[in-house]
Amino acid sequence: MGKSFVIILLFSFTIALSAQDSLCVFKLKGSAYGKIANTLKPLTKGTYINEKSSLLVNESTKITAINSKGEAFQISKSGEYNYNKILEHNVLKNAKGLTSKYFKLIWDELLKKNSGKTIIGGVFRGDLLMQSPIDSTMLASSKLTFKWTTDKDTPQYYLFIKNIETEEIFKFATNGSELSLYKDHSIFSQGVSFQWSVSISEFPNLKNIPFYSFTLIDRVEYESIKTSYKDLINDLKTLGFNESEIENSLCETYGICK
């Protein structure tokens with residue numbers, strides 16, 4: 001037992017140390033390759049770059065990489081870049097605290113991606129079917145789309161929506177991975193606070209399954225809340241994000257959805 005504990009501890013320490021000395025591809029426009037010991041592999045979002053790696057960047061390619069400290073680095077000119085050369089391209093040296101926290105969240109998400117678990121909104125959620133809207137989401141859209149993880153051996157899924165004010169629970173059955181409803185549906189005629197969950201059981205114990213909450217807001221309130229993230233929005237614009245990408249980032253990370 002003691003020997004196993006030491007091995008696990010050393011393994012965890014090695015991963016943590018490696019992560020601290022690495023970069024992770026966050027956004028990629030165009031095509032580029034990572035080279036380790038003369039072996040080339042195409043870069044994708046989530047690819048790790050360490051001190052033994054170098055990047056081969058083509059023309060019209062833009063790479064944004066982040067590290068565990070919440071810093072962002074961007075390469076936009078063709079050429080070969082070793083690890084230290086990449087570190088010279090810190091594009092947000094004067095980034096506000098919110099931007100740093102945002103990239104730390106993204107780093108944690110990408111780090112845990114291979115384990116099948118996610119960090120959403122800064123809170124560990126574990127293995128759950130629900131994907132979006134994330135917990136504590138504020139929704140300004142007239143179309144509400146609920147998405148969840150599916151399995152090829154599970155033919156039917158059951159979506160439950162609970163009205164917090166009336167305590168009514170509505171159930172829908174589908175064989176897909178998502179279901180869309182509109183705000184003018186009778187479910188949403190009373191109140192603005194709701195919860196939702198997905199189960200593979202038609203009649204689960206609703207007290208024992210996890211629910212995510214969401215609140216319906218209008219576009220005016222959405223724009224007002226969005227101003228709280230102006231520093232982050234400006235930094236994302238600096239990195240080349242367009243308006244749609246910024247809105248998706250706010251929605252996926254902070255649950256503020258248009």
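At what angle do helix 5 (residues 230–238) and helix 6 (residues 243–254) pack, and how far apart are their axes? In this predicted model, the angle is about 130° and the axes lie 10 Å apart. Angles over 145 degrees would count as roughly antiparallel and those from 65 to 115 as roughly perpendicular, so the pair falls in the remaining class, oblique. Helix 5 is therefore oblique to helix 6.

## Overall content

The chain is made up of six helices and 19 strands. It has 258 residues, of which 37% count as buried. Of the contacts between residues at least 6 apart in sequence, 60% join residues at least 24 apart.

## Helix packing

The crossing of helix 5 with helix 6 is right-handed. From helix 5, the residues Leu 232, Ile 233, Leu 236 and Lys 237 take part in the contact, and they meet Glu 243, Ile 246, Ser 249, Leu 250 and Tyr 254 of helix 6. By class, the residues of this contact are six nonpolar, one polar and two charged.

Helix 5 also packs against helix 3 (residues 97–111), here at an angle of about 70° and with the axes 8 Å apart. Helix 3 and helix 5 are therefore roughly perpendicular to each other. This crossing, too, is right-handed. Helix 3 contributes Leu 98, Thr 99, Tyr 102 and Phe 103 to the contact, while helix 5 contributes Asp 231, Leu 232, Asp 235 and Leu 236. Five nonpolar, one polar and two charged residues make up the contact of helix 3 with helix 5. Leu 232 and Leu 236 of helix 5 are listed in the contact with helix 6 and again in the contact with helix 3.

## The sheet of strands 4, 1, 6 and 7

Four strands form an open sheet in the order 4-1-6-7, with antiparallel pairing. Strand 4 (48–49) and strand 7 (72–75) are at the edges with a single partner strand each, so one side of each has no neighbour in the sheet. Inside the sheet, strand 1 (residues 23–29) pairs with strand 6 (residues 62–66) in the antiparallel sense over five bridges. Leu 28 stands opposite Ile 63 of strand 6.

Strand 6 continues the sheet to strand 7, again antiparallel, through four bridges. Here Ile 66 has Ala 72 in strand 7 as its bridge partner. Strand 6 and strand 7 form a hairpin with five residues between the strands, and Gly 70 in this hairpin takes a positive phi near 85°.

Which residues of strand 7 point one way, and which the other? Ala 72 and Gln 74 point one way, Phe 73 and Ile 75 point the other way, and all are buried. In a regular strand, side chains alternate between the two faces of the sheet.

## Strands 2, 3 and 5

Strand 2 has antiparallel pairings with strand 5 and with strand 3. Four bridges join strand 2 to strand 5 (residues 54–57), and Ala 32 stands opposite Val 57 of strand 5. Four bridges also join strand 2 to strand 3, where Gly 34 has Lys 41 as its bridge partner. Strand 2 and strand 3 form a hairpin with two residues between them, and Ala 37 lies in the turn.

The pairings that have been described are collected below.

| Strand pair | Sense | Bridges |
|---|---|---|
| Strand 1 and strand 6 | antiparallel | five bridges |
| Strand 6 and strand 7 | antiparallel | four bridges |
| Strand 2 and strand 5 | antiparallel | four bridges |
| Strand 2 and strand 3 | antiparallel | four bridges |

## Backbone exceptions

Most residues other than glycine have a negative phi, and most peptide bonds are trans. Ala 37 is not a glycine, yet its phi is positive, about 50°. Ala 37 sits in the loop between strand 2 (32–36) and strand 3 (39–42). With a relative accessible area of 68%, Ala 37 is exposed.

Ser 136, likewise not a glycine, has a positive phi of about 65°. Is Ser 136 exposed or partly exposed? Its relative accessibility is 46%, so Ser 136 counts as partly exposed. Ser 136 belongs to the loop between strand 11 and strand 12. Pro 133 is also placed between strand 11 (130–132) and strand 12 (137–139). The peptide bond from Ser 132 to Pro 133 is cis, with omega near 0°.

Definitions and conventions: Residues are numbered from 1 along each chain as its sequence is written. This is a predicted model: local features need pLDDT of at least 70, side-chain atom pairs count only at pLDDT 80 or more; totals for chains, interfaces and linings use all residues. Side-chain values use heavy atoms; hydrogens and water are left out. Axes are lines fitted to C-alpha atoms, for helices over the stretch in contact, and angles run from 0 to 180 degrees between N-to-C directions. Angles under 35 degrees count as roughly parallel, over 145 as roughly antiparallel, 65 to 115 as roughly perpendicular and the rest as oblique. A crossing is left-handed if the near helix is turned anticlockwise from the far one by less than a right angle, and right-handed if clockwise. Contact means heavy atoms within 4.5 Å. Ala, Val, Leu, Ile, Met, Phe, Trp, Tyr, Cys and Pro count as nonpolar, Asp, Glu, Lys and Arg as charged, and the others, Gly among them, as polar. Two strands pair if DSSP finds at least two bridges between them. Buried means under 20% relative accessible area, exposed over 50%, partly exposed in between (1.4 Å probe, protein chains only).
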